[in-house]
Amino acid sequence: MPNWTNILNEISQAQLEKNFQQAQSPLDQIRRKYLSEFAKFRGRNVIAYYSGWLQRSSAEVGTSINDDDKNAFMSVINGMDRKRGLDLLLHTPGGGMSATESLIDYLHKMFNGDIEAFIPQIAMSAGTMIACSCRQIYMGKQSSIGPIDPQFGGIPAYGVIKEFDDALAAIKKDPASIPLWQTIIGKYHPTFIGECRNAIMIANEIVEKYLGEVMFSGEKNAKKKIDRIINSLNEHNLENKAHDRHISVEKAEEIGLKIERFENDQKLQDAVLSVHHCYMHTFANSLAIKIVENGAGIAVISSARAKG
């Protein structure tokens, strides 16, 4: 199967040979070719959910998971034989907690829980939560998931709570430090600490629910396995320390997630990585910032506005 450079050369050749009356760009043409081949190889429905946040500013609107994504999924699911299950290719920085929960709920209603996640490179935060809702997760040596702690405008909820708890402890020990801590804690609005605690609780509940109902359904000692996974994926776990900490395939296996390695099936690995390279080339050579696309070539593509 072709590598990164082979696919780029294939796109370049298609651009040279393109009939400009064609509606489909070479980027779309080559990407859909390989996504279709992956779907045929698997014999299941396939949806790629890809964000171009690595190629864009971290502040780019629309690269993270949001409520509008459900409309895109509705469009690409329409007409599918849902009895064939779903293979979901994920590449995302994460996003809104409520939007993520709603999207997970919708996908499981559509496919009755028969969903498997594929992470060619990165699925962080809420993307990790989506992966944890699936029957199993496919990862390779280059793949990463991340902590599931919620964020508020880039501020980690656990960080806020820790800072608040540190303030209380410091003030009890030395009341003279109150003015200093007032300046630090005063930047948060009155209900913010409670919102952070609630968001953490919701994130844990979502992951716990779907690990129990899907990945570990009917298994002995399921609760023990689930508790270990949730504790390991929370940012307050000392091993993570930071919201953007990358959790490798080895660590994902160690904490107890059901992982299948790409390297165990060379044909599968080639098919997945060929698709992944196509999406990376698309983001690098177009204004696309997010793509939701199925194996039949039906896609919803969000684009950035051209500058200037």
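Reader: Before we start, what counts as buried here?
Author: Buried means under 20% relative accessible area. One caution: this is a predicted model.

Reader: Fine. Is D69 buried or exposed?
Author: D69 is buried, because its relative accessibility is 5%.

Reader: Where does D69 sit?
Author: In helix α3, residues 69-77.

Reader: And which residues does D69 touch, leaving out those up to four places away in sequence?
Author: Y49, S64 and K290.

Reader: How far is D69 from A222?
Author: The two are 153 residues apart in sequence. In space, their C-alpha atoms are 31 Å apart.

Reader: Switching to the sheet. What is the strand order?
Author: The order is β9-β5-β3-β2-β1-β10-β11. Those seven strands make an open sheet with mixed pairing.

Reader: Which strands stand at the edges?
Author: β9 (259-261) and β11 (299-303). Each has a single partner strand, so one side of each lacks a neighbour in the sheet.

Reader: Now β1. How many of its residues are buried?
Author: Seven of the seven, residues 45-51. The strand is therefore largely enclosed by the rest of the structure.

Reader: Which way do the residues of β1 point?
Author: N45, I47, Y49 and S51 point one way. V46, A48 and Y50 point the other way. Y49 is also one of the residues that D69 touches.

Reader: How does β1 run against β2, parallel or antiparallel?
Author: Parallel, with six bridges joining β1 to β2 (residues 86-91). A48 stands opposite L89. V46 has D87 as its bridge partner in β2.

Reader: And β10: parallel or antiparallel to β1?
Author: Antiparallel, through five bridges to β10 (residues 288-294). There, I47 stands opposite N294.

Reader: On to helices. At what angle do α6 and α7 pack?
Author: About 170°, with the axes 10 Å apart. That makes α6 roughly antiparallel to α7. Helix α6 covers residues 157-173, and α7 covers 178-185.

Reader: Which residues meet there?
Author: From α6, they are E163, F164, D166, A167, A170 and I171. From α7, they are I178, W181, I184 and I185.

Reader: How do the residues of that contact divide by type?
Author: Eight are nonpolar, none is polar and two are charged.

Reader: Cysteines next. How many disulfides turn up?
Author: Zero, in a search of the whole structure.

Reader: Is C132 buried or exposed?
Author: C132 is buried, with a relative accessible area of 1%. C278 also counts as buried, at 1% relative accessibility.

Reader: What is the phi of S125?
Author: Also positive, about 50°, although S125 is not a glycine.

Reader: Where is S125, and is S125 buried or exposed?
Author: S125 is in the loop between β4 (122-123) and α5 (126-132). S125 is buried, with a relative accessible area of 8%.

How values were computed:
Residues are numbered from 1 along each chain as its sequence is written. This is a predicted model: local features need pLDDT of at least 70, side-chain atom pairs count only at pLDDT 80 or more; totals for chains, interfaces and linings use all residues. Side-chain values use heavy atoms; hydrogens and water are left out. Axes are lines fitted to C-alpha atoms, for helices over the stretch in contact, and angles run from 0 to 180 degrees between N-to-C directions. Helices (H or I, at least four residues) and strands (E, at least two) are DSSP runs, numbered from the N terminus. Angles under 35 degrees count as roughly parallel, over 145 as roughly antiparallel, 65 to 115 as roughly perpendicular and the rest as oblique. Contact means heavy atoms within 4.5 Å. Ala, Val, Leu, Ile, Met, Phe, Trp, Tyr, Cys and Pro count as nonpolar, Asp, Glu, Lys and Arg as charged, and the others, Gly among them, as polar. A disulfide is a pair of cysteine sulfur atoms within 2.5 Å. Buried means under 20% relative accessible area, exposed over 50%, partly exposed in between (1.4 Å probe, protein chains only). Two strands pair if DSSP finds at least two bridges between them.
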